[in-house]
Amino acid sequence: MSDDILRGIYYTRPTARYLTVDRVPVGATCPECRRSDVREYPVFAARGPRIVTKCQACLATLVDREPTDGELHPPFRPMTRSWKGTRAG
Amino acid sequence: VASLESTVARQPLHDMSDAEFEATYFCDRVTAEIIRNAMVMAVRHMTNALQRSSFSPIVRDQRDMACGIFGGEDLAYDAIAVAEGCMLHICTAMYNVRELIREYDLENLRPGDVICANDPFRGGNHILDVTLIRPVFVEGRPEFFTSNRAHHTDMGGSNPGGWNGGSVTTIYQEGLRLGPTLLYTDDEPVRSTFNLFLDNTRLPHNSVGDLRAQYGACIVGERLLHGLVAKYGLRIVKGAVQYALDHGEQSMRAAIAAMPDGDYEFTDYIDDDGIETENELRIQCGVRLRGERAEIDFSGTERQCEGNISSVWSVSASGAMIAFKMIVDPFAPLNSGALRPVDLVLPAGSMLNCLPPTSHAAGNVTSPERAASVVYGALASAAPERAFAENVSGSSNVVWGGEDTRSGNVKPFVHMLNAFGSWGATATSDGLPYCLSVLGNCSEISVEIMEVEYPILCLDKEFMIDTAGAGTFRGGPAISYTNQLLASCELSFFCDRMRTAPWGLFGGGEALPQALYEVLDVDAPLKQGWSPSDMLRPISGRFDRRGHANANGKVFKTGKFSHRRVQAGTILRIVSAGGGGYGDPLERDPARVLADVRNQLVSRQAAHTGYGVVLSDDVRRVDEDATHALRGRLARRRREITWKGWRDRAWLDEVTR
């Protein structure tokens with residue numbers, strides 16, 4: 001990762017040859033199947049990039065939210081993201 | 001509209017009483033269906049308008065474009081209606097339009113505005129695909145959006161046509177990159193934006209016409225939407241829109257539920273990236289089906305490559321979703337509702353979710369195609385009756401650019417020749433011959449149009465014998481497509497499925513992979529798609545010791561290069577891949593084998609050794625007794641051997657003699 005000002009704009013190529021999305025355990029129980037393997041991870045869903053908390057057994061979604069800026073999901077962030085728009089864009 | 005959330009908990013549509021339906025969607029079922037279909041028809045009108053009024057052959061003739069109607073903010077900009085067009089454009093727009101409107105900011109849009117963009121990292125395709133979006137205001141609010149996307153043949157950059165195989169590594173080298181930008185205001189063109197666009201392409205005379213055509217298509221959609229609202233009222237139209245989305249979602253959920261729960265995996269490979277050519281690039285997929293939910297995870301996929309064939313997240317998601325819908329729920333209308341039950345997991349920095357500023361113009365084809373391939377492959381285990389063997393999985397893109405002086409005037413030209421390939425076989429039929437992949441779904445620029453528009457002469461285009469993946473149902477055959485350049489130009493070539501052949505399923509064989517040759521003699525004999533190898537110079541592909549394309553060959557030359565000067569008179573032959581076979585070839589109906597031999601798609605020798613079919617000397621009938629005996633011998637000999645395709649090509653010497 002590069003300087004903060006370039007976050008979301010400039011990345012270097014990953015060093016690991018094969019990549020995996022980390023699924024972070026959240027210590028919850030699935031309300032549908034009662035299993036305890038519930039994890040949070042980024043997905044691409046019908047409404048675009050989302051962060052979900054899902055049961056890994058039955059795929060029930062417990063939480064479905066917009067990613068925060070810091071989560072860089074999707075990876076690209078325009079440098080002008082926080083600027084006020086105008087009629088000309 | 002009653003609810004903007006996913007309708008998972010909502011009562012199934014077919015279980016609703018009429019009263020419940022009207023309370024939910026503000027109209028009866030018939031009206032809802034009429035409005036849903038009217039929106040699809042509106043998109044068809046947009047598509048036809050764009051095709052009829054565009055200037056460049058790639059939009060006008062090839063139809064490398066698509067249109068759609070999208071909801072407003074309260075519908076989260078969901079895709080409401082799409083129609084025929086390039087599938088990759090259609091599905092990517094479902095992600096892209098939302099991202100662009102949010103960034104531009106709804107508050108800054110007025111009636112008569114159109115914004116444009118082509119940035120892949122904002123949920124787009126590649127730089128060459130330009131999106132236009134127009135807000136449709138009703139009662140002072142942007143209730144809908146009309147949008148379309150078209151491939152512009154050139155967007156600047158270091159190489160004509162922008163494919164840049166094997167050379168560029170960053171998006172900065174690929175051409176003009178635009179975030180959401182005002183293109184029209186008060187229905188007047190924004191001169192500065194047009195200048196920015198037209199000053200940076202080699203083909204401003206085409207792009208100015210295409211941009212106007214895209215604008216016109218947006219207007220057509222807007223007028224038809226206004227007509228619908230005038231007839232039914234906004235409340236009912238939006239109720240019908242919600243119905244359309246729920247219909248798409250519930251259909252997909254029911255289709256997933258009908259599949260067997262399980263974890264299904266598949267691995268496939270991309271040849272190389274044109275820069276680091278030593279290793280194949282792994283695309284890994286796991287499909288998890290649970291009840292009416294699904295998740296497609298590409299963890300385990302190779303990191304993004306140096307060359308330009310990694311894909312952005314939106315393109316990869318599109319490729320995977322198109323494949324998933326085609327296998328799981330192929331007949332229901334497509335809209336954003338159909339995507340709701342499926343989550344996609346794409347590791348950041350991988351071949352399928354590349355990071356800025358990496359280049360990926362050609363990643364708009366190969367990586368999503370392979371993402372689709374692995375979804376097809378994974379789901380083949382879950383639903384073998386719906387599976388289909390691997391197809392060409394992309395196209396051979398030959399791009400040549402230079403000056404056309406045939407008319408006496410000098411005119412710049414850039415032509416992207418999409419040589420299609422063939423599809424794989426299914427459980428019930430042979431693979432389609434010579435057809436662009438599912439993700440592409442474009443027409444082909446006819447030979448006649450190509451020869452009029454560009455200084456290129458087509459010398460041959462024909463099916464090649466013994467190139468289809470063998471099987472109970474065989475794949476489509478490979479194609480030999482030879483063209484002579486009539487002007488010196490700069491050539492780039494982009495092609496995959498050269499190192500690894502299109503695979504078969506359930507004992508079906510693999511097909512001939514792709515290749516590119518220079519033909520050394522304009523009078524080189526051509527027989528059933530093949531020429532003597534000493535009259536060909538292999539340029540790209542995997543070749544055996546005779547110089548024939550062969551997935552088992554020892555020599556591999558990358559199919560991704562650019563910036564290559566070629567002289568007028570050069571003859572290039574593209575060999576487009578065949579499709580994989582489905583099922584054991586020894587179970588193929590001998591009558592079909594006979595027909596293939598008579599149609600010069602299968603040689604007598606291959607009919608004998610591959611299919612175990614013995615034909616009469618006059619090739620008019622099957623010798624059934626001899627066939628039965630031969631098949632018995634071949635089956636006993638094979639037993640545990642999986643049929644892998646045509647390994648012995650010695651017979652080619654006879655064919656090409």
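Start with the contact, meaning heavy atoms within 4.5 Å. Chain B brings 58 residues and chain A brings 43 residues. This is a predicted model, where local features need pLDDT of at least 70, side-chain atom pairs count only at pLDDT 80 or more, and totals for chains, interfaces and linings use all residues. Residues are numbered from 1 along each chain as written, chains are lettered from A in the order written, and side-chain values use heavy atoms, without hydrogens or water.

Show the surface next. About 4100 Å² is buried between chain B and chain A; that is the accessible area (1.4 Å probe) lost on putting the two together, summed over both. Carbon and sulfur atoms give 49% of this area.

Now select K54(A) and D343(B). Their side chains form a salt bridge, N to O at 2.8 Å. The rule wants a Lys or Arg side-chain nitrogen within 4 Å of an Asp or Glu carboxyl oxygen. It finds 11 salt bridges across this interface.

α4(B) gives the most, 7 residues.

Finish at β11(B). Strand β1 (residues 18-19) of chain A pairs with β11(B), antiparallel, over 2 bridges; pairing takes at least two DSSP bridges. Select L19(A): opposite stands T301(B), in β11(B).

Definitions and conventions:
Helices (H or I, at least four residues) and strands (E, at least two) are DSSP runs, numbered from the N terminus.
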